[in-house]
Protein chains: 2
Amino acid sequence: MNQDDDLFLKAYLEDRQSIVEEALQRYLPEDGIPADIYKAVRYSVFNGGKRIRPILCLAAAEAVGGDLAPAMPVACALELIHSYSLIHDDLPSMDNDDFRRGKPTCHKVFGENMAILAGDALLTEAFVLLSRAEKVMFSAERRLAVIQEIANAAGIAGMVGGQALDVISEKIGADENTLREIHRRKTGALIVASVKAGAMIFNGGKEKIQALTEYGMNIGQAFQIADDILNVEGDSELMGKGTGSDAARNKLTYPSLMGMEKAKEKLAGHIEAAIASLSGFDDRAMPLIVIARYIKERKS
Amino acid sequence: MNQDDDLFLKAYLEDRQSIVEEALQRYLPEDGIPADIYKAVRYSVFNGGKRIRPILCLAAAEAVGGDLAPAMPVACALELIHSYSLIHDDLPSMDNDDFRRGKPTCHKVFGENMAILAGDALLTEAFVLLSRAEKVMFSAERRLAVIQEIANAAGIAGMVGGQALDVISEKIGADENTLREIHRRKTGALIVASVKAGAMIFNGGKEKIQALTEYGMNIGQAFQIADDILNVEGDSELMGKGTGSDAARNKLTYPSLMGMEKAKEKLAGHIEAAIASLSGFDDRAMPLIVIARYIKERKS
C-alpha cells in the first residue's frame, strides 16, 4: 500500500467510523427499565469496535451509486448483530473470555444472565431497525430482501451454525476444510451480507451483487488469515472473532495448519481475488479496493 | 363454559395444533452441520408445546376475514420466538430449570453452549421465515409492518426487557405494579403481537386491530393469573412462562400478592374485558371468544 492510499484510508475510516458511531447513538435506546439491560447493551456496542461491517455496507452502497442515508439503518443493524455475537461468544460456556478489546467482557460487568439478554436484545433490535419506517426510504420489496439476506447470514446456516461448529471442533479437532467452513459461516457470512445488502438497497444489479459477493467472501477469509498471522507476529485483530487467546487455547489457525509462509501466500491470493472481482466497477469502488489492500499490509 | 363450547374448543385446538405442527416441521431445517445445533433446535420446538401464539395469530387472521395459508409463516415465526425465549429462560444463569413440560431442558441435553446457540438460531430463523418469499403472499409493506410489530414485542421494550426485569426483581423484590409490568412485557407483548399480526396481514383496519390489541392485553394478563392460580390449585400451566417451581422460588404471584379470591376476581375481569373488546366482530371471532372463556375454566 503506497503512502497516498495510506493517508486516504486513515481519513476515510475515521470519517466513516464517526458517522456510524453517531447513527448508533441515535438508534439505540438511551435508557429504560431495568437500567442494567440498557446499560449492558450500550456497553457492548460502544466498546471501541472498528465498525468494519457498517463501513463495508456503506462502501458497497456507494460503489453501486447509492447514498449513505438510506443505507445507514442497515449498516447499523449489521453492527448490532456483530455485537450480539461477540457477547454470546465470550460467555463462560462458550469461549469464556474475560476481556474484549482490553475491557472486561459484558458478562464480567453485568453478570451472565444480563449478558445473554443483552445479546438477545441486540439481535432483536437489529430487526427492529431493519424493518422500521424511515423518512429516507427504499422500496418495501428491497427492504424485505435485505432482511432475508441478513437473517440468513446470521442464522443457523450462517453465523450461529459457524459458532456451533467452532465450539464442537474445539473438542473433537478440525482439519483445513472444517476451519474454512467455520470461518465462512462464523465471520464470512455476515461480511458477505454487509456488502451485498449495501448494493441491494440501491438495486445494484445481479452482476455487481455477484461481484460484491466474491469480494466479501475473499476479504472474509483474508481477514481471518491476517488475524491468525497477527496473533503470532503482532498482538491485535481487526475483523475475525478470535480474542488473541486462540493460540493459548490450541485452536486451529492457518499458520499452525500450513506454516507462516503458505498462510501469507493464501492471504495475498484472497486479496488479489477480492480486488479482481471489482474490475467491472468505476472509481466509486476505490474505497473497497483500498480496504482490501489494507488487510494484507496492516501491522496491528 | 358450556358443553358445546367445550367440544368445539377441544376439536378446534386439536385441528389447529396439528396444522401448526405440520407447518413447523416443514419450515425448520431437518438436519445440517454440526448435527447438535439442528437437533437442539428441533428438540426445543417439538416438545409438546400447545402452540397458543400461532393459534391466536391464525384465529385473529380469520376474525378479520383472512385465510390461514398467508398467515402460517407468521404464526410459526411467533412459535420459534416463544421457543427461543423458553430455552434462554431455563438456562442455569436465569431460572436454572432442569425440566420443561416433563422433559429435560435444552441445556441439560445439549449443554449450555448449544442451548444458548439454539435459542439464538430460533430467534434468527423467525426473521428468516418472516421475510422469505412465499407463493401465497401479502404485500411487502404489510410484511414489513408485521416484522416491525413482532420485533418490537420481542425486543428490549418487550419480551427481553421483561425477562431482564424478572431476573432483577427476583433479587430485589417487586410490588404489584412491577409484577404487572413483568408480565406485560415478558408474556403479554408477544401475545398482543400474535393477534395484531394475524389481523395486520389482511389489513384488518385500525379499529379491529385496536380491539384485538385490547383482547391480547387482557388474555395475556388472564393467562398469567390463571397459571399462578393453577400453580397453587393444580399442577400445570398453559401460557405463562413460569415452570411450576415459582412458588418454591418465592416468586411474586397474584394469589400470594392479593389472596386467591381477589386473584380469581381479577382473572374474571380480564376475561370479560377480552370478550367485550370483540363486540364489533361477527361470528368469525367466535374461536377467540371461546379461547378467552377457556382460560378461566380450565383445570389443568
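**Note on the predicted two-chain model**

1. The model under discussion is a predicted one.

2. As to the extent of the interface, 44 residues of chain A are in contact with 44 residues of chain B. On the side of chain A that touches chain B, the elements giving two or more residues are α2 (35-45), α6 (112-131), α7 (140-154) and α8 (159-172) of chain A. The largest share, 13 residues, is supplied by α6(A). Sorted by class, this side of chain A comprises 26 nonpolar, eleven polar and seven charged residues.

3. The largest nonpolar core holds 190 residues, and the members that touch the most others in it are A:A118 and B:A118. Once neighbours within four places in sequence are left aside, the contacts of A:A118 are A:I37, A:A40, A:V41, A:S44, A:I87, A:C106 and A:F110.

4. The axes of α7 (residues 140-154) and α9 (residues 176-201) of chain B come within 9 Å and cross at roughly 175°. Because angles over 145 degrees count as roughly antiparallel, α7(B) is assigned that orientation relative to α9(B). From α7(B), the contact draws on B:R142, B:A145, B:V146, B:E149, B:I150, B:A153 and B:A154. The residues contributed by α9(B) are B:A189, B:L190, B:V192, B:A193, B:K196, B:A197, B:M200 and B:I201. Twelve residues of this contact are nonpolar and three are charged, with no polar residue.

5. Is B:H107 buried or exposed? B:H107, which is found in helix α5 (residues 106-110) of chain B, has 24 C-beta neighbours inside 10 Å and therefore counts as buried; the threshold for that class is 20 or more. Not counting residues up to four places away in sequence, B:H107 touches B:D90, B:L91, B:P92, B:E112 and B:A115. One of these, B:L91, lies 16 residues from B:H107 along the chain, and the C-alpha atoms of the two are separated by 6.7 Å.

Conventions: Residues numbered from 1 in each chain as written. Chains lettered and ligands numbered in written order. Predicted model: local features only at pLDDT ≥ 70, side-chain atom pairs only at ≥ 80, totals over all residues. Core = buried A, V, L, I, M, F, W, Y, C linked by C-beta atoms within 7 Å. Buried ≥ 20, exposed ≤ 12 C-beta atoms within 10 Å, placed from the backbone. Contact = placed C-beta atoms within 7 Å. Helix = DSSP H or I, 4+ residues; strand = E, 2+ residues; numbered from the N terminus. Nonpolar A, V, L, I, M, F, W, Y, C, P; charged D, E, K, R; others polar. Axes fitted to C-alpha atoms, helices over the stretch in contact; angles between N-to-C directions. Parallel < 35°, antiparallel > 145°, perpendicular 65-115°, else oblique.
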